[in-house]
Amino acid sequence: MNSLPPGKSVFFVSDIHLGVPDRAGSLEREKKLVNWLDSIADRAAAIHLVGDLFDFWFEYRHAVPRGYVRILGKLAELRDNGIPIYAYTGNHDMWMFGYFEEELGIPVYRKPMPWTYAGKDFLVGHGDGIGPGDHGYKLIKKVFNNPLCQWAFARIHPNLGIGLALYWSRRSRVAGEGIDESFQAEAEPQVIYARERLKSEHFNYFIFGHRHCPTLYALQPGSDFVNLGDWVRHFSYALYNGRDLKLEYYRENGSENDESSDSPAEGSAHAASLHSDSDTLKHKSSGSGESAVHLKSLLVLLIALFWSDWSVGLRAGQNTEHYNSWFCAAHTEISNDLKAELLLKVQGNFEDLAIDGLGNLYTLSATGEIRRYSEDGRLLYEFSEVRFGQVGHIDVSNPLRVLVYYPEFLSIVLLSNTLAISSEINLRSLGFNKVRAVGLARDGRIWIYDEANFQLIKIDERGQVIRRSEALNYVLNLELQPEQLSERNDRLFLRDPQHGILVFDAFGTYEYHFGEAGIRQMQIYLEQVVWQSGDGFFFHDLRSYRKGSLIMPDREIRNWSLDGRRLAILGSGSVSVYALP
């Protein structure tokens, strides 16, 4: 966002820890948080919830922890009113699996994320487990983020699982009393992490939570470190008004940034240490030592559950290969040298191709005929439609709902898995007159980019508009002319030949971009975005933001597609299909 609307600010808050120390105390803080959100609603350009909103949160498939209706309702109201809200997992509420996205329309991030507001670059994250040291906690964090351990905990009935977790959380809070949480300046792990990041990239502000010590600290000219404090004792938050970043304090009597509390002065560009006294220690929450106690307690339960289920499986004669493949899949990364094994060749003069997550191959002939082949190369189904002109794009990200786009007539045809027509959509009849980029959404609906209004728009198969983004020419100061849209991994990727690849969340809110002008094609495979630029192939890792080059197994490449651990390459007179490691 290159500028903020007049009178608007971006707000950052963290470490509310709803759920402790008891129901009455939690409810009081929850009401205070709702009142604060009401007080900033008319001047909020965006709100960042930077982790540990809850002291414990685990989403079962059909259940979430009881309570919190006031804050969840208020967040839903703000989102419905068009205010962008972003949530980050903390060490107490890392088990968010889709509830916020699906029910509230709030994207959730699990690592520090880059943002740009009014020309300033921000890096925002909860801040647990970053910087040097605390190796025990970092190991535990990896275990708790492992899908197998999460699956194991989900086997417990919510009455027992959530009850035990809250009990341990309250006990760990007692065990954590006496730990010094005052700001440690250059010895602070978060500060060390920020300085390391500054060696390779510039940020004007590093904004973290977790440590409960509200601080505004100068790293170097033009770059500051911010710890947001908490809402257990300090009721602190940060705001950026397009010119300055301020650390403020909420008081329900209306006096924000009350200097009577032992808090750093507003706008201070230097360290402001908070020296703990007996009253402070009585309210300690979520320091590094306390977090470790909390997580170690839960780890014992997860190991017991995992071993119990494993033993039952072995006694029943089940193969443990399922567990091993699941664990490995969660950590798979693409290799620079694909070292793919040739599986088969399909002869023919084709114009385009695609491969789906099941390994099925789709080819497009010069006459517009689409063919689907099985993973062993058998021709299964054919489709041809001459009413709409040439095919511009085929999206097979959902093998049961194939999208074919005809840009000349602005028409979308949806096909079943047997390539039979299930529905047709004429975009011109819906009022869209300039659309080149079209793609399937994860929920079966359709994303389009309306170049006339510079908006990402989601529609259903009847053409009803479900969601509209902001006008991206205003947000990005760019006039995009994208050629490809693809939704994967809860993100929406837009390829523009002039501006590279832009990344949006699943609701069409801009996050960041990478790549350069001249990108010809992109694919999302595992946790990487793969693209072709000139004669070279490259990838961008969505977790580490690392970029690298790829060596393809074939030299003559007219087009290519990869998914389902297969790579299909269109050459002259044939398609080669390779198995990926």
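The structure is a predicted model, in which local features need pLDDT of at least 70 and side-chain atom pairs count only at pLDDT 80 or more, while totals for chains, interfaces and linings use all residues. Residues are numbered from 1 along each chain as its sequence is written, and side-chain values use heavy atoms, with hydrogens and water left out.

**The second largest pocket**

- The second largest pocket holds about 650 Å³ of space, a volume being the space filled by probe spheres set on grid points that are joined across faces, edges and corners.
- By residue class, the lining divides into 14 nonpolar, six polar and 13 charged residues, where Ala, Val, Leu, Ile, Met, Phe, Trp, Tyr, Cys and Pro count as nonpolar, Asp, Glu, Lys and Arg as charged, and the others, Gly among them, as polar.

**The five-stranded sheet**

- Five strands form an open sheet in the order β5-β6-β7-β9-β8, with mixed pairing, and two strands pair if DSSP finds at least two bridges between them.
- The edge strands of this sheet are β5 and β8 (215-220), each of which pairs on one side only.
- From one strand to the next the twist averages 20 degrees, with angles running from 0 to 180 degrees between N-to-C directions and axes being lines fitted to C-alpha atoms, for helices over the stretch in contact.
- Strands β8 and β9 (residues 223-227) pair in the antiparallel sense over five bridges, and Thr215 stands opposite Asn227 in β9.
- Helix α7 (residues 189-198) packs on this sheet, touching β6 (120-125), β7 (205-208), β8 and β9, and its direction makes about 35 degrees with that of β8; contact means heavy atoms within 4.5 Å.

**The four-stranded sheet**

- Four strands form an open sheet in the order β29-β30-β31-β32, with antiparallel pairing, and its edge strands, β29 (519-525) and β32 (547-550), each pair on one side only.
- The twist of this sheet averages 25 degrees from one strand to the next.
- Strand β31 (residues 536-541) pairs with β32 in the antiparallel sense over four bridges, and Lys547 in β32 is the bridge partner of His540.

Terms used. On a 1 Å grid over the protein atoms alone, a cavity is a set of points where a 1.4 Å probe fits but cannot get out, and a pocket is an open set with protein on both sides within 12 Å along at least five of seven lines; lining residues have an atom within 4 Å of a point. Helices (H or I, at least four residues) and strands (E, at least two) are DSSP runs, numbered from the N terminus.
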